[in-house]
Amino acid sequence: MASSSQSQSQSQSLTPYLRGNAHHAPWRSRFVRRALLVAAAAAALAAAAGGSGTADDQIPAIFMFGDSIVDPGNNNNRLTEARANFPPYGQDFPGGVATGRFSNGLVPGDLLASKLGIKELLPPFLSSDLELKDLLTGVAFACGGSGYDPLTSKLATTLSSDDQLELFHEYKQKLTALVGEKEMTRVISEGVFFTVMGSNDIVNNYFTLPIRRHEYDLPSYVDFLVSSAINFTKTLNDMGAKKIGFLGVPPLGCCPSQITLGGSPSRQCEPQRNQASELYNSRVSKEIERLNAERSASGSKIVYFDIYYNLLDLIQNPSSYGFKDASEGCCGSTVLNAAIFIAYHSACPNAIDYIFWDGFHPTEKAYNIVVDKLIQQASKYLMM
């Protein structure tokens, strides 16, 4: 068991945070209590394994690349339809503020950062309010409407996956100026990176606006996406990221908007989009495994994580998780019931009953369950 001095050391490392944020007591105190518990548990585990149980054993930072699933507001100042910095988004966010997160509350990057004891929110790198201290503990580069296919971001007038890598390059320069190259390299190499893209490529480019369908059959387009995704991951690794969690796409045919487009009178998931999701996940997971094997000798861990079946389980067994509706969005169920198309519209009052917040994006409650499952996987394969 961990000694009392080890646990005390973990608690003391959080004292400056407690002191500097006392005026945010109701909300942040919950985060601090959870962080203290995580720190104490880490100390106990480290002691049991013969480790020191110091703060050095903790994950220093978390980084997020991706699309609207994990965008906390990077598109707020862009002229794009892929924005969410207005009501009803954020109605259950602390203070009821619409921050640019495509949900009623927190999104996966926030939940991961909080549950891992890093910080309570994962801020957007492009925020005008970004504090320098946030550079040390991680940021999100994700942008709503983005994808691995460069055409996807052009259609949405947003930043592409390559543009997000450029933002990461800028981040590294800022962090170097703040703490020096040695500490920057440490934060990057010990931090955990997640990439969450591919959904817009399949749903928007291939099905909703079938531009790519005129150029590729589905297997060929999936191969193109997989190649683009692997090149992105290689570049991220070459830029210093050692621990990379690559997330597959969810069951896209189960999004309320895609169910509506499929025309099922009983609101069943649209099968073609789910088949496309499964095909992509199957092929990209094999390539990620191959890439991990190639690069493990350099100390890299590149791990594929399934979210398809994690979310599908909620959809197929909603009552088991406390949901009442699995096929309708709280804000509506068409392609026009999301992003700027629902600006200042009213939402349902009981979002807690819904898996989906709008036509595409889950509620904070659904994200919370999926992230818990992701952490179980990540703790075993990535954060060791």
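K365 lies over the face of F323, at 4.4 Å from the ring centre; a charge counts as sitting over a ring if NZ of Lys or CZ of Arg is within 6 Å of the ring centre and within 35 degrees of the ring normal. The model is a predicted one, in which local features need pLDDT of at least 70 and side-chain atom pairs count only at pLDDT 80 or more, while totals for chains, interfaces and linings use all residues. Residues are numbered from 1 along each chain as its sequence is written, and side-chain values use heavy atoms, with hydrogens and water left out.

Helices (H or I, at least four residues) and strands (E, at least two) are DSSP runs, numbered from the N terminus. Buried residues of α14 are A366, Y367, I369, V370, V371, K373, L374, I375 and A378, where buried means under 20% relative accessible area, exposed over 50%, and partly exposed in between (1.4 Å probe, protein chains only). The cover over these residues includes α4 (108–115), β2, β3 (243–247), β4 (301–305), α13 (308–316) and β6 (354–356), contact being heavy atoms within 4.5 Å.

Four strands form an open sheet in the order β1-β2-β3-β4, with parallel pairing. Because β1 and β4 stand at the edges with a single partner strand each, one side of each is left without a neighbour in the sheet. Neighbouring strands of this sheet are turned by 20 degrees against each other on average, direction ignored. Axes are lines fitted to C-alpha atoms, for helices over the stretch in contact, and angles run from 0 to 180 degrees between N-to-C directions. Strands of a sheet pair through backbone hydrogen bonds, either parallel or antiparallel. Here, two strands pair if DSSP finds at least two bridges between them. Strand β1 is joined to the parallel strand β2 (residues 192–196) by five bridges. I62 has V192 as its bridge partner in β2, and G66 has V196.

Helix α7 lies across β1 and β2, running at about 155 degrees to β1.

The structure holds 25 aromatic pairs. Rings of Phe, Tyr and Trp (its six-membered ring) pair if their centres lie within 6.5 Å; planes under 30 degrees apart count as stacked, over 60 as edge-to-face and the rest as tilted. The rings of F65 and F168 are edge-to-face, because their planes stand at 85 degrees, with the centres 5.8 Å apart. This pair links distant parts of the chain, since F65 is in strand β1 (residues 62–66) and F168 in helix α7 (residues 161–179), 103 residues apart. F65 is buried at 0% relative accessibility, and F168 is likewise buried at 0%. Ring pairs link F63, F65, F125, F141, Y148, F168, Y171, F193, F232 and F246 into a cluster.

A further edge-to-face pair is formed by Y206 and F207, with ring centres 5.4 Å apart and planes at 75 degrees. Y206 is buried at a relative accessible area of 6%, and F207 is buried at 10%. The charged end of R213 sits over the ring of Y206, 5.7 Å from its centre. Both Y206 and F207 are among the buried residues of α9, which also include S199, N200, D201, I202, V203 and N205. Eight of the ten residues of helix α9 (residues 199–208) are buried, so this helix is largely enclosed by the rest of the structure. Its buried residues pack against α6 (150–155), α10 (218–238), α11 (256–262) and α12 (271–295).

Some backbone features occur in loops. P87 and P88 are joined by a cis peptide bond, with omega about 10 degrees; P88 is found in the loop between β1 and α4. T157, in the loop between α6 and α7, has a positive phi near 45 degrees in a residue other than glycine. T157 is partly exposed, at 39% relative accessibility. R267, in the loop between α11 and α12, has a positive phi near 60 degrees, again in a residue other than glycine.
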